[in-house]
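The model comes first, then the details.

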Amino acid sequence: MQEESSAEKVIYRAEDVKRYFHVRVRRGRTRFFQTRKWLRAVDGVSFELKASRTLAIVGESGCGKSTLARVLLRLIEPTGGRLYFRGTDICALSANDLRLAREHVQMIFQDPYSSLHPRRTVANIIAEPWHVHPQLAPANFKERIVELLDQVGLSEDYMQAYPGRLSGGERQRISIARALAMKPEILILDEPVSALDVSIQAQIIRLIMELQKKLGIAYVFISHDLPLVRLVADEIAVMYMGRFVEMGRAEEIFAHPRHPYTQLLLSSSPERVDLERPGGASEPTSPFDLPRGCRFQPRCPKAQAICGETEPGLEVGRSGGQLCACHFAG
């Protein structure tokens with residue numbers, strides 16, 4: 001984690017970002033009885049990302065984390081809200097200007113097996129961004145590729161290898177090298193180690209942390225693994241059913257979680273098995289039929305009448321600390 005500095009600058013900002021999908025939902029056991037419903041995958045998310053720091057977005061599967069990651073790069077167009085990179089509204093950019101803006105924001109995908117072209121050599125994969133952005137191409141391709149391989153812990157011998165002959169950890173290192181070829185200011189990491197063996201996960205996380213320290217890259221780190229997040233994050237945003245329910249400094253959230261959902265996540269973590277698991281339903285409600293009021297109230301042990309009537313907004317508690325969206329936050 002990076003030490004706080006008065007010189008920190010916000011380089012990326014999301015304001016009330018939404019992404020809705022109009023999807024077919026089957027009724028009963030036959031495909032002929034279907035209806036269309038709105039899926040609010042991301043529903044009013046706002047945050048700021050500071051230079052050289054890591055914002056972790058955590059939550060259960062299906063909460064909207066990966067959709068948000070793709071919206072941040074406009075790989076999926078937002079339904080509403082604004083996205084700003086260094087003050088520039090990237091939602092208003094033309095296709096050509098957006099392509100240029102993506103030089104500064106790159107993404108590492110969850111599955112290293114499907115994110116690399118199987119019929120291209122490692123050298124061609126790493127050099128691919130320079131064909132899309134020729135203004136960033138180095139004078140000597142080979143020399144720069146060797147340098148990038150060295151940065152991710154691989155030797156020059158990998159240049160002519162094909163992805164099919166590499167392990168999952170090696171493939172993910174190649175993905176990181178390809179992203180670094182653009183000299184980005186921000187990396188969006190969508191569950192970057194969840195598809196890897198535990199022993200390899202530790203190596204990739206160590207590499208990611210070393211690269212941030214050396215290159216000063218800001219990370220948006222998406223994960224459901226809280227012990228892992230504790231290692232890498234400076235700030236945490238806890239996401240539930242398309243919305244952030246708690247935000248703050250990582251050490252504050254781990255030491256004093258305020259939202260019942262954050263407490264539930266921590267009680268489910270291998271590091272916190274000694275804690276009593278909060279009561280309430282264990283499974284989330286359907287994303288197609290969100291409850292009135294607070295979205296977490298069907299599972300919440302603190303729920304009262306107001307929770308079923310009014311949805312709380314993110315607010316600072318009476319004693320300060322992290323933002324929390326709960327009528328009865330601790």
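## Salt bridges and a helix pair

At 38% relative accessibility, Asp-16 counts as partly exposed. Please keep in mind that this is a predicted model. Asp-16 forms a salt bridge with Lys-18, and Lys-18 is also partly exposed, with a relative accessible area of 21%. In total, the count comes to 18 salt bridges. Here are three of them, with the distance between the closest N and O atoms:

| Salt bridge | Closest N and O atoms |
|---|---|
| Lys-18 with Asp-16 | 2.8 Å |
| Glu-185 with Arg-86 | 2.6 Å |
| Glu-311 with Arg-243 | 3.3 Å |

Glu-185 sits in the loop between H5 and strand S7 (186–190), while Arg-86 sits in the loop between strands S4 (80–85) and S5 (88–89), so this pair ties together parts 99 residues apart in sequence. Glu-185 is partly exposed at 23% relative accessibility, and Arg-86 is partly exposed at 47%.

Glu-311 lies in the loop between helix H9 (260–268) and strand S11 (315–317) and Arg-243 in strand S10 (residues 243–249), so their bridge links parts 68 residues apart in sequence.

Now for the helices. The axes of H5 (residues 168–180) and H6 (residues 198–215) come within 10 Å and cross at roughly 15°, so the two are roughly parallel to each other. The crossing is right-handed. Residues in contact include Ile-176 and Leu-180 in H5, and Leu-207 and Leu-211 in H6. By class, this contact has 8 nonpolar, 3 polar and 1 charged residues.

Technical notes. Residues are numbered from 1 along each chain as its sequence is written. This is a predicted model: local features need pLDDT of at least 70, side-chain atom pairs count only at pLDDT 80 or more; totals for chains, interfaces and linings use all residues. Side-chain values use heavy atoms; hydrogens and water are left out. Axes are lines fitted to C-alpha atoms, for helices over the stretch in contact, and angles run from 0 to 180 degrees between N-to-C directions. Helices (H or I, at least four residues) and strands (E, at least two) are DSSP runs, numbered from the N terminus. Angles under 35 degrees count as roughly parallel, over 145 as roughly antiparallel, 65 to 115 as roughly perpendicular and the rest as oblique. A crossing is left-handed if the near helix is turned anticlockwise from the far one by less than a right angle, and right-handed if clockwise. Contact means heavy atoms within 4.5 Å. Ala, Val, Leu, Ile, Met, Phe, Trp, Tyr, Cys and Pro count as nonpolar, Asp, Glu, Lys and Arg as charged, and the others, Gly among them, as polar. A salt bridge is a side-chain nitrogen of Lys or Arg within 4 Å of a carboxyl oxygen of Asp or Glu. Buried means under 20% relative accessible area, exposed over 50%, partly exposed in between (1.4 Å probe, protein chains only).
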